Amino acid sequence: LELSEEQCKIVTLVDLGGCSYREVAAILDLPVRSVVRSLCEIRTRMKERLLNRRYGRPAQVVSLEGLR
């Protein structure tokens, strides 16, 4: 899974560093919404990759956009 430098920083700070989304946004000078969007994209891609490895087929991804 290839991540941009910014995505790598975001996932590292949140998942390994234990920072909140707001803390990451402040550290990287980004809107909180951008942090949330990046993490959602990263996690969706990771899920697709893992399911594809496990079952040998692309994962079915459900969009949650309309639920907000």
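Author: Arg-45 has a relative accessibility of 24%, so it counts as partly exposed. This is a predicted model, and Arg-45 belongs to its helix α3. The protein as a whole consists of three helices and zero strands, in the order α-α-α along the sequence.

Helix α3 covers residues 32-55. From its first C-alpha to its last, this helix of 24 residues reaches 34 Å, close to the 34 Å expected at 1.5 Å a residue. Confidence in the protein is lowest in α3, with a mean pLDDT of 91, and highest in helix α2 (residues 21-28), at 98. For the protein, the average is 86, and 82% of the residues score at least 70.

Start with the residues that are covered. Val-35, Ser-38, Leu-39 and Ile-42 of α3 are buried. Among the elements that cover the buried residues of α3 are α1 and α2. In the protein, buried residues make up 19% of the 68 residues.

Now to the charged side chains. Arg-45 forms a salt bridge with Glu-41, with 3.4 Å between the closest N and O atoms. The two residues are four apart in helix α3, about one turn of the helix. An α-helix has 3.6 residues a turn, so residues three or four places apart point the same way. Glu-41 counts as partly exposed because its relative accessibility is 39%.

A salt bridge also runs from Arg-43 to Asp-15, at 2.8 Å from N to O. This pair links distant parts of the chain, since Arg-43 is in helix α3 and Asp-15 is in helix α1, 28 residues apart. Arg-43 is partly exposed, with a relative accessible area of 37%, and Asp-15 is partly exposed at 44% relative accessibility.

The salt bridges come to three in the count. One of them lies in helix α1, between Lys-9 and Glu-5, which are four residues apart and so separated by about one helical turn. The closest N and O atoms of Lys-9 and Glu-5 are 3.3 Å apart. Lys-9 is partly exposed, with a relative accessible area of 39%, whereas Glu-5 is exposed at 59%.

Two further details complete the picture. Met-46, together with Leu-1 and Leu-3, makes a nonpolar surface patch of about 230 Å². Leu-1 lies in the segment before α1 (5-16) and counts as partly exposed at 42% relative accessibility. After α3 comes Gly-56, which has a positive phi near 70°.

How values were computed
Residues are numbered from 1 along each chain as its sequence is written. This is a predicted model: local features need pLDDT of at least 70, side-chain atom pairs count only at pLDDT 80 or more; totals for chains, interfaces and linings use all residues. Side-chain values use heavy atoms; hydrogens and water are left out. Patches are made of residues with over 30% relative accessible area and no salt bridge: like charges are joined within 9 Å, nonpolar side chains (Val, Leu, Ile, Met, Phe, Trp, Tyr) within 5 Å. Accessible areas come from the Shrake-Rupley method with a 1.4 Å probe; for residues, only the protein chains shown count as cover. A salt bridge is a side-chain nitrogen of Lys or Arg within 4 Å of a carboxyl oxygen of Asp or Glu. Buried means under 20% relative accessible area, exposed over 50%, partly exposed in between (1.4 Å probe, protein chains only). pLDDT is the predictor's confidence in each residue, from 0 to 100. The expected span of a helix is 1.5 Å times one less than its number of residues. Contact means heavy atoms within 4.5 Å.
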